[in-house]
Amino acid sequence: MEFFEIIERRHSVRSFTDETVSQEDITRMLKTALAAPSSRNSRSSSFMVIEDKTLITSIAGMRDYGSAFVEHAPLVVLVMGDEQRSDLWMVNASISATFLQLAAEALSLGNCWVHVEGRPHKKDEPDGLSAEEYLRSFLPIPEGRRILCAIAIGHSAEHEAKPRTETACDDRVIVVK
Ligand SMILES: Cc1cc2nc3c(=O)[nH]c(=O)nc-3n(C[C@H](O)[C@H](O)[C@H](O)COP(=O)(O)O)c2cc1C
């Protein structure tokens, strides 16, 4: 698929069919994400690939708002960063996650970012257990690695969304001549 077509088609997808994602597609997405740029070439991003249904159900419970849909994804990739390798680990991991999402789109796989870092497990308990601490309680997250987000991936069960209509005249664009 051509690059600009990927950008125009891209939308967050939160509903998936039961079809699994092929190993070939998983490998291509990871190779793309690993090729993302990083501050001082610190390569601080890393990924955890999860296909186990029981684990995915537990991951869906990371927050009591905005993560329940993950339960029906056949694949979840956690995007992590190494704080020791870069003070900009979060920025690096965001770029890696975006590369992963665009690779999924190029392979016609639906996907959605679910945020972890700085989010509470329970919305009404902002100072209680964090979503990250909850995930660490049952996933083998290496020491020193932080979790930025989870990307839920699968074959879309949603109607094809309309192509995007953004234009360069958007008020978010400031042109200085
Ligand atoms: C940093 C970030 C955090 C996000 N967190 C969530 C989330 O926790 N749950 C969710 O359903 N979508 C999440 N999203 C997806 C956004 O809601 C989505 O990108 C936005 O509504 C725009 O829709 P679009 O991706 O279809 O253009 C997140 C996206 C980003 C970039």
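User: How should I read the accessibility of a side chain here: does Phe4 count as buried or exposed?

Analyst: A residue is buried under 20% relative accessible area, exposed over 50% and partly exposed in between (1.4 Å probe, protein chains only). Phe4, at 52% relative accessibility, counts as exposed, while Phe3 is partly exposed with a relative accessible area of 48%. This is a predicted model, in which local features need pLDDT of at least 70, side-chain atom pairs count only at pLDDT 80 or more, and totals for chains, interfaces and linings use all residues. Residues are numbered from 1 along each chain as its sequence is written, and side-chain values use heavy atoms, with hydrogens and water left out.

User: How many aromatic pairs are there?

Analyst: Rings of Phe, Tyr and Trp (its six-membered ring) pair if their centres lie within 6.5 Å, being stacked with planes under 30 degrees apart, edge-to-face over 60 and tilted otherwise. The count comes to two aromatic pairs. Phe3 and Phe4 form an edge-to-face pair, because their ring centres are 5.2 Å apart and their planes stand at 80°. Tyr134 and Phe138 are also edge-to-face, because their centres are 5.2 Å apart with planes at 75°. Of these residues, Tyr134 is buried, at a relative accessible area of 17%, whereas Phe138 is partly exposed, at 26%.

User: Which ring lies under Arg63?

Analyst: A charge sits over a ring if NZ of Lys or CZ of Arg is within 6 Å of the ring centre and within 35 degrees of the ring normal. Arg63 lies over the face of Tyr65, 4.3 Å from the ring centre, and Arg14 lies over the face of Phe69, at 6.0 Å from that ring's centre.
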